[in-house]
Amino acid sequence: MDRKILAATLYLKNGVPVKAPDNLTPAGDLKFLAKTFNDGGIDKIFVFDLSDEDQEHEKNIHMIRELNRLIEIPTCGGGNVKRLEDIKKLLYAGCKQVLINGSKPYCFELVDEASSRFGHEKILVSVKNIDFVFKHRKVIKEKIHEMLVMDPKMLDSVENLTDTQYVALCEEHELDDILHILRREHSRGIYGSFLNDDGVNAMELKSTLSEKGIKMDNFEPALKWSDLTLNAHGLIPVIAQDYRTGKVLMLAYMNEEAFHKTITTGKMTYYSRSRKELWMKGGTSGHIQYVKVLTADCDRDTILAKVSQVGVACHTGQYSCFHNEIVHKEYIERNPLKVFEDEYAVIQDRKIHPKEGSYTNYLFDKGLDKILKKVGEEATEIIIAAKNPDAEEIKYEAADFLYHLMVLMVEKGLTWEDITSELSQR
């Protein structure tokens with residue numbers, strides 16, 4: 001049986017998230033919403049372009065691309081999907097699927113064309129009335145991967161007509177209503193405005209649903225608390241590490257309750273030895289740590305937690321608690337990503353704080369055309385070097401090219417994370 005999903009909805013108007021199509025009140029910062037959905041247990045985002053004109057449409061497509069660079073969970077793009085070109089733009093912007101409005105007269109002509117071009121697994125259709133399903137059930141079966149059912153009262157009729165999976169609207173945050181939909185054979189999951197509320201803990205909801213027999217994508221620990229080796233106080237130390245950079249953030253302790261709370265909520269929860277009470281990291285400061293991986297060491301007496309850190313980990317305002325250097329032996333950094341990030345940081349600093357005589361500042365002063373000219377020249381040098389039997393020459397030319405590429409990246413406001421996120425989506 002496939003795991004059921006909880007889907008959030010995101011509406012974009014003029015490049016800004018808004019609360020609903022009929023409520024254009026700003027809904028918050030895109031980066032914050034993206035991180036909350038991505039790390040908080042949401043499985044999928046339906047993102048809708050509410051634009052009225054082409055210029056706004058392009059701005060919203062740009063924001064959808066930015067959203068997909070920030071998150072790891074899949075998105076389904078919808079709104080203003082009228083042509084094959086619109087579908088292509090959304091897929092190229094990183095959406096895994098595209099939602100076509102079933103109430104539009106061009107719907108099935110577009111569905112047929114898009115399914116043939118991109119594959120039916122990428123095509124979803126929104127459904128508002130049962131007549132639509134009745135009239136088009138053959139095409140739905142053959143050309144559509146899933147439906148977005150916008151009226152839960154239709155579900156009995158929908159399932160009598162087709163076995164195509166669907167994600168259904170669930171307006172109430174009531175467990176019985178959620179279970180009523182998710183227990184259905186062809187239900188793929190639910191969406192609803194309550195899932196957009198950052199006050200709703202999706203991981204906790206999924207744990208509750210799992211206890212009710214619904215298969216969800218939540219934590220199922222391979223080790224129990226009783227499998228761990230505790231210290232004399234019945235606690236286990238936990239080292240928190242940034243899951244992206246590998247930077248060690250802090251050391252704290254868990255008791256059994258904190259261990260289970262962390263797994264249930266997906267947010268790092270510790271036991272305070274001084275206050276003798278449970279504390280969820282970021283509960284008051286907002287500097288939450290979302291769980292990515294928990295691993296016990298060989299003796300099972302220490303836990304390594306890879307987390308997504310919101311804000312900073314240290315109460316002093318430092319990103320990591322480990323910032324008081326004791327000794328430091330110079331060494332040559334060999335980690336490729338760290339080398340790229342360090343070099344990028346130097347180039348970025350040159351742009352912000354120019355240094356007299358700096359070649360990097362010379363390039364920035366001359367402007368984009370000069371930078372592009374150098375990138376082109378260095379790319380040509382790589383091609384020439386590749387014709388030489390000595391591979392060493394390629395190494396030097398590739399290094400020159402990558403340096404100039406980073407100058408271009410800084411000039412255009414792109415980071416290595418932008419590049420690697422784009423690569424990871426391909």
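The legends below describe an overview and several close-up views of a predicted model.

Residues are numbered from 1 along each chain as its sequence is written. Local features need pLDDT of at least 70, side-chain atom pairs count only at pLDDT 80 or more, and totals for chains, interfaces and linings use all residues, while side-chain values use heavy atoms, with hydrogens and water left out.

**Figure 1. The whole protein.** The protein holds 14 helices and 16 strands. Helices (H or I, at least four residues) and strands (E, at least two) are DSSP runs, numbered from the N terminus. The C-alpha trace spans about 70 × 65 × 45 Å along its principal axes. Of the 426 residues, 43% count as buried. Buried means under 20% relative accessible area, exposed means over 50%, and partly exposed lies in between (1.4 Å probe, protein chains only). Take the contacts between residues at least 6 apart in sequence: 56% of them join residues at least 24 apart. Contact means heavy atoms within 4.5 Å.

**Figure 2. Helix α1 against helix α2.** Two packed helices are described by the angle between their axes and the distance between the axes. Here the axes of α1 (residues 30–40) and α2 (residues 54–70) come within 9 Å. They cross at roughly 40°. Axes are lines fitted to C-alpha atoms, for helices over the stretch in contact, and angles run from 0 to 180 degrees between N-to-C directions. The two helices are therefore oblique to each other. Angles under 35 degrees count as roughly parallel, over 145 as roughly antiparallel, 65 to 115 as roughly perpendicular and the rest as oblique. The crossing of α1 and α2 is right-handed. A crossing is right-handed if the near helix is turned clockwise from the far one by less than a right angle, and left-handed if anticlockwise. From α1, L30, K31 and A34 meet M63, L67 and L70 of α2. By class, the residues of this contact are 5 nonpolar, no polar and 1 charged. Ala, Val, Leu, Ile, Met, Phe, Trp, Tyr, Cys and Pro count as nonpolar, Asp, Glu, Lys and Arg as charged, and the others, Gly among them, as polar.

Figure 3. A27 sits in the loop between β3 (23–26) and α1. At 30% relative accessibility, A27 is partly exposed. Leaving out residues up to four places away in sequence, A27 touches P17, V18, K19 and L33. S116 lies 89 residues from A27 in sequence and 36 Å away in space, C-alpha to C-alpha.

**Figure 4. Helix α3 against helix α4.** The axes of α3 (residues 84–92) and α4 (residues 107–118) come within 10 Å and cross at roughly 45°. That makes α3 oblique to α4. The crossing is right-handed. On the α3 side, L84, I87, K88 and L91 take part. They meet L110, E113, A114, R117 and F118 of α4. The contact divides into 6 nonpolar, no polar and 3 charged residues.

**Figure 5. T164, a buried loop residue.** T164 lies in the loop between α6 (155–161) and β9 (165–169). Its relative accessible area is 7%, so T164 is buried. The side chains of T164 and T162 are joined by a polar contact of 3.0 Å. A polar contact is a pair of N or O atoms within 3.5 Å; within protein, one must be able to donate a hydrogen and the other to accept it, and residues adjacent in sequence count only if both atoms are side-chain atoms. Neighbours within four places in sequence aside, T164 is in contact with I140, K141, I144, H145, E146, M147 and H186.

**Figure 6. Two loop residues with positive phi.** Most residues other than glycine have a negative phi. N14 has a phi near 55°, a positive value. N14 lies in the loop between β1 (5–13) and β2 (16–20). With 42% relative accessibility, N14 is partly exposed. K276 also has a positive phi, near 55°. K276 lies in the loop between β13 (269–272) and β14 (277–280). With a relative accessible area of 62%, K276 is exposed.

**Figure 7. Helix α10 against helix α11.** The axes of α10 (residues 336–352) and α11 (residues 359–366) come within 9 Å and cross at roughly 55°. The pair is therefore oblique. α10 passes α11 in a right-handed crossing. I347, R350 and K351 of α10 make the contact with T360, N361 and F364 of α11. The classes are 2 nonpolar, 2 polar and 2 charged residues.
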